[in-house]
Amino acid sequence: MNRPFSIRIAGIGGQGNLLAGYILSRAFVFADKYVVQTQNYSEQVRGGPSYCDVLVSSEPILYPKAVVFDSLIIMHPSMVGHAKFVATNGIIVYDSTYIKDIPSEFKRITKRIIEIPASRLAIEKFGNVMVSNMILLGALVKSTALVDFETLFDAVKEEVNPKYYELNVEAIKFGASLTDKVYKPRIERKRKRTIGFE
């Protein structure tokens with residue numbers, strides 16, 4: 001029995017983590033995968049905690065929730081605690097502009113950690129902190145190779161205002177250029193079978 005590959009994008013309202021999740025989900029649909037996308041956010045429109053979960057599989061997804069995540073993007077210091085939900089040897093990508101380090105207890109779960117000062121670089125290169133989400137998304141897609149970039153760009157075209165399309169695509173490309181780490185995890189992971197209860 002397979003479980004879906006699970007991704008969480010965690011930040012605060014106004015950082016664009018939900019948009020990044022929409023784009024990634026749309027790209028998986030374009031790649032003919034089964035996808036479930038859910039979101040959680042507070043009543044506070046900006047500044048409140050929010051996260052977006054994306055489950056993807058080559059087979060129908062039977063349950064829309066994940067308890068562990070194969071990949072995690074952390075966009076704000078208040079969401080660092082979500083690292084406790086990362087699967088063993090999962091992938092963490094985080095914005096080191098605000099998050100100075102990942103606590104050691106989470107480093108015992110995984111060494112696959114990519115730090116990118118996305119907010120600072122978004123301002124320096126694009127003059128717009130709002131594309132920090134696309135920089136981190138580009139790094140995640142590069143490090144996982146779960147979907148090809150042309151499909152991801154098609155998804156951007158569907159989800160963002162046309163006048164911001166090129167800006168978002170360039171930010172994704174820039175984010176991808178910031179890491180050489182490519183882990184290429186499989187979309188499906190076999191569940192462990194319990195001996196004696198088949």
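This is a predicted model: local features need pLDDT of at least 70, side-chain atom pairs count only at pLDDT 80 or more; totals for chains, interfaces and linings use all residues.
The secondary structure of the chain comprises 6 helices and 8 strands, which follow one another from the N terminus in the order β-β-α-β-β-β-β-α-β-α-α-α-α-β. Of the 198 residues in the chain, 50% are buried, and among the contacts between residues at least 6 apart in sequence, 61% join residues at least 24 apart.

Helix α4, formed by residues 132-144, packs against helix α6, formed by residues 165-177, at an angle of about 50°, and the axes of the two helices lie 6 Å apart. On the α4 side the contact is made by Met134, Ile135, Gly138, Ala139 and Lys142, which meet Asn168, Ala171, Ile172, Phe174, Gly175 and Ala176 of α6. The residues of this contact divide into 7 nonpolar, 3 polar and 1 charged.

With regard to α6 itself, the 13 residues of the helix should span 18 Å at 1.5 Å a residue, and the end C-alpha atoms are 19 Å apart, in agreement with that expectation. The buried residues of α6 are Tyr165, Asn168, Val169, Ala171, Ile172, Phe174, Gly175 and Ala176.

Definitions and conventions
Residues are numbered from 1 along each chain as its sequence is written. Side-chain values use heavy atoms; hydrogens and water are left out. Axes are lines fitted to C-alpha atoms, for helices over the stretch in contact, and angles run from 0 to 180 degrees between N-to-C directions. Helices (H or I, at least four residues) and strands (E, at least two) are DSSP runs, numbered from the N terminus. Contact means heavy atoms within 4.5 Å. Ala, Val, Leu, Ile, Met, Phe, Trp, Tyr, Cys and Pro count as nonpolar, Asp, Glu, Lys and Arg as charged, and the others, Gly among them, as polar. The expected span of a helix is 1.5 Å times one less than its number of residues. Buried means under 20% relative accessible area, exposed over 50%, partly exposed in between (1.4 Å probe, protein chains only).
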